[in-house]
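Subject: Structure handover

Hello,

Here is the structure for your files.

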Amino acid sequence: MSGYAVAQIDEIDEITDGRCPWRPVGFNFGITAFGVNAFTGHEVGERIINEHDESQEHDLQEELYLVQQGRATFELDGERLDAPTGTLVFAQPGVKRTAFAEEPETTIVALGGVPGKAYEPKGGELWMPLEHLYDSGKYAEAADQGRELIEAHPEYSGPLYNLACCESLAGRKEDAIKHLRLAIDGNESFRPMAAEDSDFAAIRDEAAFKELVSSGATEPAAT
């Protein structure tokens with residue numbers, strides 16, 4: 001097996017959470033050392049980067065943007081910046097930022113990470129196509145569609161947690177506990193989160209769930 005991979009940006013399919021679509025570059029290559037995505041504005045005036053800052057929601061992440069193709073206008077804390085091809089824009093966590101296409105097919109590559117902290121890939125790309133099913137209450141359908149793909153990528157604990165939520169809501173108690181255990185094994189922060197999450201109301205009284213969300217529990221309850 002070779003130690004490298006090659007792809008054109010437009011060969012990576014776009015995904016979306018209902019805001020600005022993006023191409024999951026890091027996920028496509030299996031990169032776990034840093035976050036990297038690509039965003040394309042297909043029409044002039046189209047928003048490329050969703051307006052946001054990184055001060056709270058994203059754990060103080062620093063971001064570097066490269067205008068890989070076309071021409072963009074950035075808005076950084078209300079200031080407008082013309083950014084032709086080749087422009088690099090660095091934004092500190094507290095800076096509110098967004099960007100718009102000034103030419104068709106303008107593409108921006110974004111890289112991010114938290115200073116002094118190892119990067120933790122979240123695997124949101126796996127869950128994103130299923131989010132609309134969860135939002136519309138189609139929990140069993142979300143679980144059915146996502147299970148095989150999510151189980152194939154156990155390195156991403158976030159989608160495992162979401163899968164467990166859907167299984168609990170669909171009345172699949174054993175499956176929910178199984179996948180919640182895997183999620184907690186991958187990310188300890190899910191233990192206290194699960195203890196308070198209303199999605200697990202259906203399994204809250206199960207002995208295995210109680211053991212799982214208690215401090216230090218990682219093994220199944222004895223039968």
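Strand 3 (residues 62-69) and strand 8 run antiparallel and are joined by seven bridges. One of the residue pairs behind this is E62 with G113, the latter being the bridge partner in strand 8. Please keep in mind throughout that this is a predicted model.

Strand 8 also pairs with strand 1 (residues 35-41), again in the antiparallel sense and over seven bridges. Two of the bridge partners in strand 8 can be named here: V109 is the partner of A38, and T106 is the partner of G41. In general, the strands of a sheet pair through backbone hydrogen bonds, in either a parallel or an antiparallel arrangement.

Taken together, four strands make up an open sheet with antiparallel pairing, in the order 1-8-3-6. Strand 1 and strand 6 (88-91) are at the edges; each has a single partner strand, so one side of each has no neighbour in the sheet. From one strand to the next, the twist averages 20 degrees.

How many of the eight residues of strand 8 are buried? Six of them are, and the strand (residues 106-113) is mostly covered.

Is R23 buried or exposed? R23 has a relative accessible area of 10%, and it counts as buried because the cut-off for that class is under 20%. A polar atom of the R23 side chain lies 2.7 Å from the backbone oxygen of I12. Leaving aside residues up to four places away in sequence, R23 touches I9, D10, I12, D13, E14, N37, A38, T40 and H42.

For Y4 the value is 65% relative accessibility. Y4 and F29 are 25 residues apart along the chain, and their C-alpha atoms are separated by 9.1 Å.

Regards

Key
Residues numbered from 1 in each chain as written. Predicted model: local features only at pLDDT ≥ 70, side-chain atom pairs only at ≥ 80, totals over all residues. Heavy atoms only, no water. Buried < 20%, exposed > 50% of the residue type's maximum accessible area, 1.4 Å probe, protein only. Polar contact = N/O pair within 3.5 Å; in protein donor to acceptor, adjacent residues only side chain to side chain. Contact = heavy atoms within 4.5 Å. Pairing = 2+ DSSP bridges. Axes fitted to C-alpha atoms, helices over the stretch in contact; angles between N-to-C directions.
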